[in-house]
Amino acid sequence: MSQHNDHLDWRAAYDYIPTWHRSEVEHLVAAYGSPRYRHIHLDDGCFDPLMKTDRIGEVGMVIRRPDGTLITARKTYYPPGVFRLLTGGIGHNERIIEALNREVIEETSLTVRINRFLSIITYQFDTPAPRFFVSYIFLLDELAGTLQAADPAEQVAEFRSVLPTELPLLAAQLRQLADQSDAAINGKWSSWGRFRAVMHEECATALIV
C-alpha cells in the first residue's frame, strides 16, 4: 500500500522538488493558479518511470477536448484495457514548461493552451535508498491539430476520450492491476498501477464539481 498525506500548501513541495524548479513553479502559480499538493510515500518504487535515470519527474497533461472530454492513452505494452492520462518525463536541469511543450507534441501532435496548474504530487520511495519523484499536472485545452503520436518511441497503441467523471473508475482499475512483474516496466504492474492511480484521483477531485 502507498501512504499519503492530506492536501498541503503547494509551497510544502519545496522539500522534495529540484531547487532549480522553485522559481519556475512560482511563475506558473502566478500565471495559472495555485495547484493542489500531495506527498505520497510508496512502499515500492522499483519500476519505471521511477527508476529511470534520465528524468527527475514528469509533467501530467490533462488535455480537455472541445466536447469537454479528456484524452487518455494505452501503450502497446500495457495490460489489456488499461488507459491513463498522459505524462512525459522532465530531464535533469530541464524547465517544466519546456518538458510540457515537448511532450504534448510528441504524444498528441496537438496545439493546446494551458488552462490551469492543477496539482503537484511528490513521491517518496525508500528502496534501495530514499529517492523522490515529482509530477506537475496541468489542465490543457485543445485548440487545433489531429490527435496522433508524433514520436513512435512513445509506443501509443490507442487513444480514448473520457469524461472527468470516469477518472475515479480509471484510478480503481489501475489500483487493481495484477501483482505481476514485467520487463516492460522493470517492475510489478501492481506497484506501477498504485503510483499511476494517484494522478487520476487528484484530477478527479480537482475537476469534478
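This is a predicted model: local features need pLDDT of at least 70, side-chain atom pairs count only at pLDDT 80 or more; totals for chains, interfaces and linings use all residues.
Let's start with helix 3, which runs over residues 167–175. Its buried residues are Leu167, Leu170, Ala171 and Leu174. They span an arc of only 100° around the axis, so they sit on the same side of helix 3. And what lies over them? The cover includes strand 4 (70–75), strand 5 (84–90) and strand 8 (156–162), along with helix 4 (189–207).

Now for helix 4 as a partner. Two packed helices are described by the angle between their axes and the distance between the axes. Here, helix 3 and helix 4 pack at about 165°, and their axes are 8 Å apart. Because angles over 145 degrees count as roughly antiparallel, helix 3 is roughly antiparallel to helix 4. The crossing of helix 3 past helix 4 is left-handed. On the helix 3 side, the contact is made by Leu167, Pro168, Leu170, Ala171, Leu174 and Arg175. Helix 4 brings in a list that includes Trp192, Ala197, Val198, Glu201 and Cys203. Sorted by class, this contact of helix 3 with helix 4 has 10 nonpolar, 2 polar and 4 charged residues.

Next, have a look at Val62, which you'll find in strand 3 (residues 57–64). Is Val62 buried or exposed? Its relative accessible area is 0%, so Val62 is buried. Setting aside neighbours within four places in sequence, Val62 is in contact with Leu70, Leu85, Leu118, Ile137, Phe138, Leu139, Leu140, Met199, Cys203 and Leu207.

Note on methods
Residues are numbered from 1 along each chain as its sequence is written. Side-chain values use heavy atoms; hydrogens and water are left out. Buried means under 20% relative accessible area, exposed over 50%, partly exposed in between (1.4 Å probe, protein chains only). Helices (H or I, at least four residues) and strands (E, at least two) are DSSP runs, numbered from the N terminus. The arc is that of the directions from the helix axis to the C-beta atoms. Contact means heavy atoms within 4.5 Å. Axes are lines fitted to C-alpha atoms, for helices over the stretch in contact, and angles run from 0 to 180 degrees between N-to-C directions. Angles under 35 degrees count as roughly parallel, over 145 as roughly antiparallel, 65 to 115 as roughly perpendicular and the rest as oblique. A crossing is left-handed if the near helix is turned anticlockwise from the far one by less than a right angle, and right-handed if clockwise. Ala, Val, Leu, Ile, Met, Phe, Trp, Tyr, Cys and Pro count as nonpolar, Asp, Glu, Lys and Arg as charged, and the others, Gly among them, as polar.
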